[in-house]
Amino acid sequence: MKKSPSTLYNHGLILGGARSGKSAYAEKCAENTKCSVTYIATAEAFDDEMKDRISKHRKQRVSAWETVEAPVELSKSVMQVHAEDVIVIDCLTLWLSNLMHAERDIDRETALFLQAVATRQAPVFCVSNELGMGLVPETALGRRFRDAQGRLNQRVAAAFDTVVFVAAGLPLCLKGQMPE
């Protein structure tokens, strides 16, 4: 008998730096639910290097998972996923970058995203970069992006049941209960 995914996990925000293992951890959490998974990808391939990164990510994912491309319309994509599917969103950092590039209202889009997630009983695992631990960006745009990322992470962390920080592939639970 298949268990309901909501009895196994809560919504989880997985934070970390570049190449920290946060995506792999989120994917493992989703796979461990033994439920259907929809992977929402926010990256766009504007150059060959990014195309290569996206290709490598696709090859690492479980082939049975459905993939949805949502570089900007994240809340709509979350709402369209089957109610019983677990969702992995990778990643909020690229989504934020896409919103800024499209000159969208970040506060409004974040509110819509959190409303969409709040309607789901099946778990949602969001991957996001923690940018506030490094050097202060040299440019005004870089500082604006870093600050917006920090605010986005805080809003999502406040709304989610579980927050995990991943460093060197090792997860540390910051809030809630560590997913199995």
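The lining of the largest pocket draws at least two residues from each of α1 (22-32), β2 (37-41), α2 (48-60), α4 (92-101) and β5 (124-129). Helices (H or I, at least four residues) and strands (E, at least two) are DSSP runs, numbered from the N terminus. The model is a predicted one, in which local features need pLDDT of at least 70 and side-chain atom pairs count only at pLDDT 80 or more, whereas totals for chains, interfaces and linings use all residues. Residues are numbered from 1 along each chain as its sequence is written, and side-chain values use heavy atoms, with hydrogens and water left out.

Among these elements, α2 gives the largest share of the pocket lining, eight residues. In total 31 residues line the largest pocket, and Arg19, Arg53, His57, Cys91 and Leu94 lie nearest its centre. By class, the lining comprises 12 nonpolar, nine polar and 10 charged residues; here Ala, Val, Leu, Ile, Met, Phe, Trp, Tyr, Cys and Pro count as nonpolar, Asp, Glu, Lys and Arg as charged, and the others, Gly among them, as polar. The space in the largest pocket is about 860 Å³. A pocket is, on a 1 Å grid over the protein atoms alone, an open set of points where a 1.4 Å probe fits, with protein on both sides within 12 Å along at least five of seven lines; lining residues have an atom within 4 Å of a point. Grid points are joined across faces, edges and corners, and the volume is the space filled by probe spheres set on the points.

Cys91, one of the residues nearest the pocket centre, lies in the loop between β4 (86-90) and α4. A cis peptide bond joins Asp90 to Cys91, with omega about 5°. Cys91 is also among the contacts of Asn129, which touches Gly16, Gly17, Ala18, Lys22, Cys91, Thr93, Gln149 and Asn153 when residues up to four places away in sequence are not counted; contact means heavy atoms within 4.5 Å. Asn129 is placed in strand β5 and is buried, at a relative accessible area of 14%. Buried means under 20% relative accessible area, exposed over 50%, and partly exposed in between (1.4 Å probe, protein chains only).

Which helices does the aromatic pair tie together? The structure holds one aromatic pair, and Trp95 and Phe113 form it in a tilted arrangement, 5.6 Å centre to centre with 50° between the planes. Trp95 lies in helix α4 and Phe113 in helix α5, so the pair ties together parts that are 18 residues apart in sequence. Rings of Phe, Tyr and Trp (its six-membered ring) pair if their centres lie within 6.5 Å; planes under 30 degrees apart count as stacked, over 60 as edge-to-face and the rest as tilted. Trp95 is buried at 0% relative accessible area, and Phe113 is likewise buried at 0%.

Charged side chains form seven salt bridges in the structure, each a side-chain nitrogen of Lys or Arg within 4 Å of a carboxyl oxygen of Asp or Glu. In one of them, Asp147 meets Arg146 at 2.9 Å, N to O; Asp147 is partly exposed at 35% relative accessibility, and Arg146 is partly exposed at 22%. Elsewhere, salt bridges that share partners join Glu73, Lys76, Arg104, Arg108 and Glu109 into one network. Glu73 is partly exposed at 30%, and Arg104 is partly exposed at 29%. Arg104 also forms a salt bridge with Glu109, their closest N and O atoms being 3.1 Å apart; Glu109 is buried, at 6% relative accessibility.

Glu103, in the loop between α4 and α5, has a positive phi of about 55° although it is not a glycine, and Glu103 is exposed at 73%. Ala168, in the loop between β6 (162-167) and β7 (170-175), also has a positive phi of about 55° without being a glycine; Ala168 is exposed at 72%. Lys34, which follows α1, has a positive phi near 65°.
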